[in-house]
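Here is a short briefing to read alongside the model. Have the viewer open and follow along from topic to topic.

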Amino acid sequence: MKYSFVFQNKSYNLPNYNVEMVRKLEALDEQSANASSSEQLQLLYNYINETLGEEVTNNILGGFDDADPNEINIVYGSIVNAYHKPLEEHELKEHEAFINKNLKAVQSDKLVNLVSVLGQASDKINN
């Protein structure tokens, strides 16, 4: 699969999502758990830099000391969301299929009940 995200109206391609990338994200979560806010930002920035490359990271965020902390978090979140998007879309399609199936069953039951009531009403009118 191809992965990308949009930041400030520009699209950025991401490396393939694989087990190694999962390990990096898990390690980042573990390291961030006991880190201060500034240390967490440094970890996120380093991950972004490693994932996108130094040139792209500098173009998007600038150097670490000058980077907007909100933008660091937004870019990191956008990367993670891009990697999770195919699974989320798959789960949404399955959920929609389940709802549609059950909705059709409910509608069929209502239609059967309506026909039954109409039949009873017709019998009363004709008798």
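Q8 counts as exposed because its relative accessibility is 55%, where exposed means over 50% relative accessible area, buried under 20% and partly exposed in between, with a 1.4 Å probe and protein chains only. Please keep in mind that this is a predicted model, in which local features need pLDDT of at least 70 and side-chain atom pairs count only at pLDDT 80 or more, while totals for chains, interfaces and linings use all residues. Residues are numbered from 1 along each chain as its sequence is written, and side-chain values use heavy atoms, with hydrogens and water left out.

**The loop between the strands**

- Q8 sits in the loop that joins β1 (3-7) to β2; helices (H or I, at least four residues) and strands (E, at least two) are DSSP runs, numbered from the N terminus.
- Although Q8 is not a glycine, its phi is positive, at about 50°.
- N9 also belongs to the loop between β1 and β2, and its phi is near 65°, a positive value in a residue other than glycine.
- With 81% relative accessibility, N9 counts as exposed.
- K10 lies in strand β2, which covers residues 10-14.
- K10 is partly exposed, because its relative accessibility is 49%.
- Along the chain, K10 and I60 are 50 residues apart, and their C-alpha atoms are separated by 9.7 Å.

**The chain as a whole**

- The chain holds 4 helices and 2 strands, and from the N terminus on the order is β-β-α-α-α-α.
- Of the 127 residues in the chain, 24% are buried.
- Among contacts with a separation of 6 or more, 54% join residues 24 or more positions apart; a contact means heavy atoms within 4.5 Å.
- The accessible surface of the chain is about 9300 Å², and carbon and sulfur atoms hold 51% of that surface; the areas come from the Shrake-Rupley method with a 1.4 Å probe, and for residues only the protein chains shown count as cover.

**Helix α2 against helix α3**

- Helix α2 (residues 37-52) and helix α3 (residues 54-61) have axes that come within 6 Å and cross at roughly 125°; axes are lines fitted to C-alpha atoms, for helices over the stretch in contact, and angles run from 0 to 180 degrees between N-to-C directions.
- α2 and α3 are therefore oblique to each other, given that angles under 35 degrees count as roughly parallel, over 145 as roughly antiparallel, 65 to 115 as roughly perpendicular and the rest as oblique.
- On the α2 side, the contact is made by Y45, I48, N49 and L52, and on the α3 side by E54, V56, T57, N58, I60 and L61.
- The residues of this contact of α2 with α3 divide into 6 nonpolar, 3 polar and 1 charged; Ala, Val, Leu, Ile, Met, Phe, Trp, Tyr, Cys and Pro count as nonpolar, Asp, Glu, Lys and Arg as charged, and the others, Gly among them, as polar.

**Aromatic pairs**

- The structure has 6 aromatic pairs; rings of Phe, Tyr and Trp (its six-membered ring) pair if their centres lie within 6.5 Å, and planes under 30 degrees apart count as stacked, over 60 as edge-to-face and the rest as tilted.
- Y17 and Y83 are stacked, because their ring centres are 4.6 Å apart and their planes stand at 20°.
- This pair links distant parts of the chain, with Y17 in the loop between β2 and α1 (19-33) and Y83 in helix α4 (residues 69-126), 66 residues apart.
- Y17 is partly exposed at 28% relative accessibility, whereas Y83 is buried at 3%.
- Y47 and Y76 form an edge-to-face pair, with 5.8 Å from centre to centre and 80° between the planes.
- Y47 is buried, with a relative accessible area of 5%, and Y76 is buried, with 14%.
- Y3, Y17 and Y83 are linked by ring pairs into a cluster.

**Two more places to look**

- G77 in helix α4 is partly exposed, at 22% relative accessibility.
- The C-alpha atoms of G77 and L44 are separated by 9.6 Å, and the two residues are 33 residues apart along the chain.
- A35 is placed in the loop between α1 and α2 and counts as buried, at 18% relative accessibility.
- Apart from neighbours within four places in sequence, A35 is in contact with Q40 and L43.
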